[in-house]
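Here is a short briefing to read alongside the structure. Keep the viewer open and follow the topics one at a time.

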Amino acid sequence: MKTCEDFRRAWRTILAGDSRPEAPEGWEEHAAMCAECGRERDGLRTILDGAEALHEDVRKAMDGVDWDGMAERIADTAFAGRRRTEAAPARRAGFWAALFAPPRRFVFAALLAGIVLGAGTMSLVLRPGVFRRPAAAALRASGEFVDRVEFSLAKREAIDYLDKSQALLLDFVQATPEAAARSVSGGDSSRRARDLLAKKRYLNRGLESIRMAKAREICNQIEILFLELAQLSDELTPREAAEIQRFVEDKNLLFRIRLVRRELEESEV
Amino acid sequence: METGELVRRTRAGDRQAFVELTRLYQRKVFVLTYSFFRNKEDALDLVQETFLRVFERLDGFDEGRNFEAWLLQVAKNLCIDQYRKLRSRGRDLAAETRVEELPIADERTAGGERSVEAKQILARCIDQLAERQKTIFLMRHVGDMGNEEIASVLKISTGTVKSLHFKAVRNLRALMGPHLECSS
């Protein structure tokens, strides 16, 4: 008696194409008793019968075809195609030969040379570094680095401004009131004060930083003083000069300038 | 005259040799092309296309190879190309009726009609198989080719042919399953 396993093995053998569905013995008996294997057998048989029917269709379709005539037609088409293929290169060769005949050949050669020369020149002209300056490489820096650089520059400018201011004030304070008035009226102190006022305008932006607060305050006071000196240059009397000298001393401007300057020098960037 | 000699003479430009070569194999090519399209005109066009293609490439054919296998391989490739074209154009290869609508389980249908409908359903299900499974099933059952012959045409091992055929039938069984159960 065949088992379901035998049945499945036989089924696999048939599907592998090694035997026909009728081959296994005892198949029908087993399929009659086992419903599942019976369904498998019916399904397989339907597929194989359907395939057999398709095979029959092919045989019917082959009837009535003029096979001899068809072979002749295929051969005609094939050899006609070969003749066309063989003729085509000759025509193409003729065309190219005519196109590059000696009178035209020189024209084409000149055109080609012009194109090559033009392309070479353009490439030379447009190449960076030959006639064009190469584009500068973009600088990239962090915001923190830029802040530090700006502060450092502002500090240096402020120290320079304070040095020059200190020198001017020392010259002014250490002179007698008459000599101080003369130096302003004569133009030397007045010119130096105007220069420092111009420098202060340039310095203003750098002094906005919170770390430059002390420097900003002292520079603003000095600026007012220099503004007076510049405005009074033509009519400064010895008495007025003495008042300015007292103002400088009362406010300890020179001392404060020194302190701020030292702080700026010692501050880390 | 043997195939090798016909091939040599065709290469040399002998038209009659090519006619003989075509006569010798055109029916076999037709079986393959018809099994793909189940349409006589399409199948005949593909037979002609196959022999023209073979003629074009005959100069590059290695005489040590099996000519028949090479010829059927060309035919099979053309069939697959054509099949893809038709599929992309949305042309249905079988009947317009959907497989689910075919009345295989109709008890009123007479026996003869019933086998015709089963064939239609099978044809529709074959079209749904993967390309290689479909080719192998058709070559084996409709083209009446053996496993070795199929293997040489498709350039795969006999074991692969068996395995793909097994998968093809199993998938057909699954695709036709509802209809088979209803009819039983």
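In this predicted model, the buried residues of α8(A) are covered by elements that include α6 (143–174), α7 (177–185) and α9 (213–231) of chain A. The buried residues themselves are A:S189, A:S190, A:A193, A:L196, A:L197, A:K199, A:K200 and A:L203.

**Helix α8 of chain A**
- Helix α8 of chain A covers residues 188–203, which is 16 residues.

**Where chain B meets chain A**
- The contact draws 42 residues from chain B and 38 residues from chain A.
- About 3,900 Å² is buried between chain B and chain A, and carbon and sulfur atoms give 70% of that area.
- Five salt bridges are counted between the two chains.
- For a pair to look up in your viewer, B:R15 forms a salt bridge with A:E72, with the closest N and O atoms 2.8 Å apart.
- On the side of chain B that touches chain A, the elements giving two or more residues are α1 (3–11), α2 (15–37), α3 (40–57), α5 (111–127), α6 (131–142) and α8 (158–183) of chain B.
- Of these, α2(B) gives the most, with 11 residues.
- By residue type, that side of chain B divides into 20 nonpolar, nine polar and 13 charged residues.

**Chain B as a whole**
- Chain B has eight helices and zero strands, and its elements run α-α-α-α-α-α-α-α from the N terminus on.
- Of the 184 residues in chain B, 51% are buried.
- Among contacts in chain B between residues at least 6 apart in sequence, 62% join residues at least 24 apart.

- B:Q133 sits in helix α6 of chain B.
- Is B:Q133 buried or exposed? Its relative accessibility is 11%, and because buried means under 20%, B:Q133 counts as buried.
- The side chains of B:Q133 and B:N171 are joined by a polar contact of 2.8 Å.
- Setting aside neighbours within four places in sequence, B:Q133 touches B:L164, B:K167, B:A168 and B:N171.

**Two residues with positive phi**
- Most residues other than glycine have a negative phi, which gives the setting for the next two.
- A:N252 is not a glycine, yet has a positive phi of about 50°.
- A:N252 lies in the loop between α10 (238–250) and α11 (253–266) of chain A, and with a relative accessible area of 43% A:N252 is partly exposed.
- B:K155 is likewise a residue other than glycine with a positive phi, near 60°.
- Where does B:K155 lie? Its place is in the loop between α7 (147–154) and α8 of chain B.
- B:K155 has 56% relative accessibility, and since exposed means over 50%, B:K155 counts as exposed.

Conventions: Residues numbered from 1 in each chain as written. Chains lettered and ligands numbered in written order. Predicted model: local features only at pLDDT ≥ 70, side-chain atom pairs only at ≥ 80, totals over all residues. Heavy atoms only, no water. Contact = heavy atoms within 4.5 Å. Buried area = accessible area lost by both parts, 1.4 Å probe. Salt bridge = Lys/Arg side-chain N within 4 Å of Asp/Glu carboxyl O. Helix = DSSP H or I, 4+ residues; strand = E, 2+ residues; numbered from the N terminus. Nonpolar A, V, L, I, M, F, W, Y, C, P; charged D, E, K, R; others polar. Expected span 1.5 Å × (residues − 1). Buried < 20%, exposed > 50% of the residue type's maximum accessible area, 1.4 Å probe, protein only. Polar contact = N/O pair within 3.5 Å; in protein donor to acceptor, adjacent residues only side chain to side chain.
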